[in-house]
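This briefing walks through the fold, the sheet, the core and the surface of the structure shown here. Please keep the sequence and the 3D view at hand while reading.

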Amino acid sequence: MTLPPAAIAKLGLTYLTQINANLANNSNVSTDVFLATILWNGMQRNVAVLAMGRRPLVGTALLQDYHLGIDFREGGTVLVDEIL
């Protein structure tokens with residue numbers, strides 16, 4: 001997960017470390033990593049959050065064994081259903 005640094009500061013996330021992150025264009029940037037605790041499917045999970053960018057980005061690791069449906073428009077619906 002990535003969040004803008006201002007959002008991380010507002011949430012008061014715990015600092016973990018600094019890493020070199022490899023971006024989609026194959027460039028590398030140094031970024032701070034923070035810890036967030038989220039509630040996912042009724043269980044608390046610790047998630048690493050990279051401090052970068054202007055918009056939040058969510059990875060797909062938590063979606064294993066789930067179906068994701070997204071309406072890509074402003075105010076669009078996002079559905080996450082467990083695959084039984």
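This is a predicted model: local features need pLDDT of at least 70, side-chain atom pairs count only at pLDDT 80 or more; totals for chains, interfaces and linings use all residues.

Y66 is buried, because its relative accessible area is 17% and the cut-off for burial is under 20%.

**Overall build**

- The protein contains 1 helix and 6 strands, and these elements follow one another along the sequence in the pattern β-α-β-β-β-β-β.
- The C-alpha trace spans about 40 × 30 × 25 Å along its principal axes, and of the 84 residues of the protein 21% count as buried.
- The accessible surface comes to about 6,600 Å², and 54% of this area belongs to carbon and sulfur atoms.
- Among contacts between residues at least 6 apart in sequence, 32% join residues that are at least 24 apart.

**The four-stranded sheet**

- An open sheet is formed by 4 strands in the order β1-β4-β3-β2, and the pairing within this sheet is mixed.
- The edges are taken by β1 (2-3) and β2 (14-22), each of which has a single partner strand, so one side of each is left without a neighbour in the sheet.
- The parallel pairing is that of β1 with β4, which are joined by 2 bridges; within this pairing, L3 has A51 in β4 as its bridge partner.
- Strands β2 and β3 run antiparallel and are joined by 8 bridges, with I19 standing opposite T31 in β3.
- Strand β3 (residues 28-40) and strand β4 (residues 43-51) also run antiparallel, with 8 bridges between them; in β4, Q44 is the bridge partner of L39, and R45 is that of I38.

**The two hairpins**

- The hairpin of β2 and β3 has 5 residues between its strands, and N26 in the turn has a positive phi of about 70°.
- The hairpin of β3 and β4 has 2 residues between its strands, and here N41 takes a positive phi near 55°.

- In soluble globular proteins, nonpolar side chains tend to be buried together.
- The largest nonpolar core of this model has 7 residues in all, namely L3, I8, L13, F34, A36, V49 and A51, and the elements that give two or more residues to this core are β3 and β4.
- Once its neighbours within four places in sequence are left aside, L13 is in contact with L3, I8, F34, L35, A36 and V49.
- T2 lies in strand β1, and T2 counts as buried because its relative accessibility is 11%, where the limit for burial is under 20%.
- The residues that T2 touches, not counting those up to four places away in sequence, are V49, L50, M52, R55, P56 and L57.

- Where in the fold is the place of Y66? This residue belongs to strand β5.
- Which residues does Y66 touch, not counting residues up to four places away in sequence? The contacts of Y66 are with W40, N41, V80, D81, E82 and I83, and N41 is also the residue that takes a positive phi in the hairpin of β3 and β4.
- Y66 and L39 are 27 residues apart in sequence, and their C-alpha atoms are 16 Å apart in space.

Conventions
Residues are numbered from 1 along each chain as its sequence is written. Side-chain values use heavy atoms; hydrogens and water are left out. Buried means under 20% relative accessible area, exposed over 50%, partly exposed in between (1.4 Å probe, protein chains only). Contact means heavy atoms within 4.5 Å. Two strands pair if DSSP finds at least two bridges between them. A nonpolar core is a set of buried Ala, Val, Leu, Ile, Met, Phe, Trp, Tyr and Cys residues joined through side-chain atoms within 4.5 Å. Accessible areas come from the Shrake-Rupley method with a 1.4 Å probe; for residues, only the protein chains shown count as cover.
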